[in-house]
Amino acid sequence: MARSARTRWPGLATTSLVVATGAAVWWMRSGRRPGPGRRSVSSGSKGRQPGASSQSGSSATPSSSPPPTDLEHGPAPFLPTRTGPQWDRLRWLAAKAEEISEIRGLYSYLLATAKNESDGVPAAMNTRTDAKPALRLFCRDQNYRGRYARNPWRPQECDASDPLASRWAYSGGWFQIMPAGALATSDKRGHAHDPARVFDPPFAIAYATDLVRRIKRGFGARTWGDIRAGWALPRWANPDSTAEGKGRVLERFERRLAQVASMGADPELAIKAVDTRRYPGFTTVLHALLEADGRPVPLH
């Protein structure tokens with residue numbers, strides 16, 4: 001396993017950056033393969049680390065674990081700490097994200113997506129099928145020489161042999177997003193983050209919320225079903241798409257919604273319109289989620 005990036009973390013001054021190029025949901029143009037195989041982790045279990053005990057608990061109160069010196073721009077644990085499902089924490093943060101983002105239906109969408117992608121495990125990590133595609137996505141010029149040109153965890157060579165490359169080579173977290181896609185936030189704030197933040201629950205929710213907005217604006221999705229289909233393959237977000245693959249994604253999405261209905265999710269969400277016009281931006285959502293999770297909000 002590649003060595004940790006902690007020894008290469010620069011001072012805080014160097015983590016304030018302005019990175020070239022715009023946003024939108026370019027990351028999905030990589031042709032990421034949809035389908036249930038996406039969720040397997042290197043050990044072969046369904047989107048979760050082996051040997052984990054459940055931490056779902058009976059309480060929906062936020063975590064109070066101590067943060068690093070710079071919570072937002074500091075290093076995140078990598079590999080992520082193994083956990084079991086954390087549904088109560090997910091529900092707490094997803095409800096807060098819907099409130100702050102003013103994206104009605106987001107709570108239901110996030111629960112159903114987490115059910116499909118990780119079964120509620122925030123440390124889920126897929127290196128079996130997604131390592132190479134994720135690294136290829138990161139190595140594109142618009143990312144490696146553009147968005148992430150000054151990211152403190154950017155490898156010197158965009159090659160799997162570089163010790164830092166493994167930090168970008170997977171899909172991970174509750175929603176199994178590739179790091180180069182997750183950190184491409186619409187306000188560019190995420191361009192400076194440690195890619196391992198995809199495993200940090202408030203960050204994972206904020207990245208997923210921002211991605212919903214990018215799919216909506218970048219591909220014209222009208223319904224939550226379009227959003228979910230676009231999550232798998234970008235052209236399927238087009239409301240006029242009649243692809244057989246999109247149909248399968250929608251069927252699976254409806255099943256997942258039914259499975260999380262007991263947690264307050266809307267089982268009819270797939271056919272309902274999605275509206276992101278009042279979205280206040282990634283940073284606003286992230287900082288609200290950190291506060292809700294009992295962690296101090298960054299001052300810069």
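1. Helices here are DSSP runs of H or I with at least four residues, strands are runs of E with at least two, and both are numbered from the N terminus. This is a predicted model, where local features need pLDDT of at least 70 and side-chain atom pairs count only at pLDDT 80 or more, while totals for chains, interfaces and linings use all residues. Residues are numbered from 1 along each chain as its sequence is written, and side-chain values use heavy atoms, with hydrogens and water left out.

2. Is Asn-151 buried or exposed? Asn-151 has 4% relative accessibility, so it counts as buried (buried means under 20% relative accessible area, exposed over 50%, partly exposed in between, with a 1.4 Å probe and protein chains only). Beyond its neighbours within four places in sequence, Asn-151 is in contact with Trp-168, Leu-183, His-191, Ala-192, His-193 and Pro-195; contact means heavy atoms within 4.5 Å. Gly-190 lies 39 residues away along the chain, and its C-alpha atom is 9.6 Å from that of Asn-151.

3. Stepping back, the protein has 9 helices and 2 strands. From the N terminus, their order is α-α-β-α-α-β-α-α-α-α-α. Of the 300 residues, 56% are buried. Among contacts between residues at least 6 apart in sequence, 77% join residues at least 24 apart.

4. Next, please look at α7. Why is α7 described as largely enclosed by the rest of the structure? The reason is that 9 of the 9 residues of α7 are buried, including Trp-224, Asp-226, Arg-228 and Trp-231. The cover over these buried residues includes α2, α6 and α8.

5. One of those covering helices, α6, has an axis that comes within 10 Å of the α7 axis, crossing at roughly 105 degrees. Axes are lines fitted to C-alpha atoms, for helices over the stretch in contact, and angles run from 0 to 180 degrees between N-to-C directions. Ala-208, Leu-211, Val-212, Ile-215 and Lys-216 of α6 meet Trp-224, Ile-227, Gly-230 and Trp-231 of α7. These residues divide into 7 nonpolar, 1 polar and 1 charged. Here Ala, Val, Leu, Ile, Met, Phe, Trp, Tyr, Cys and Pro count as nonpolar, Asp, Glu, Lys and Arg as charged, and the others, Gly among them, as polar.

6. The axes of α2 (residues 106–117) and α8 (residues 244–259) come within 8 Å and cross at roughly 105 degrees, which makes α2 roughly perpendicular to α8. On the α2 side, the residues in contact include Ser-108, Tyr-109 and Lys-115, and on the α8 side they include Arg-252, Phe-253 and Arg-256. This contact divides into 4 nonpolar, 3 polar and 3 charged residues.

7. Which residues touch the most other members of the largest nonpolar core? Of its 68 residues, they are Tyr-109, Phe-175, Ile-205, Trp-224 and Trp-231. A nonpolar core is a set of buried Ala, Val, Leu, Ile, Met, Phe, Trp, Tyr and Cys residues joined through side-chain atoms within 4.5 Å. Helix α6 gives the most to this core, with 10 residues. A second, separate core of 5 residues includes Ala-229, Ala-232, Leu-233 and Trp-236.

Methods: Angles under 35 degrees count as roughly parallel, over 145 as roughly antiparallel, 65 to 115 as roughly perpendicular and the rest as oblique.
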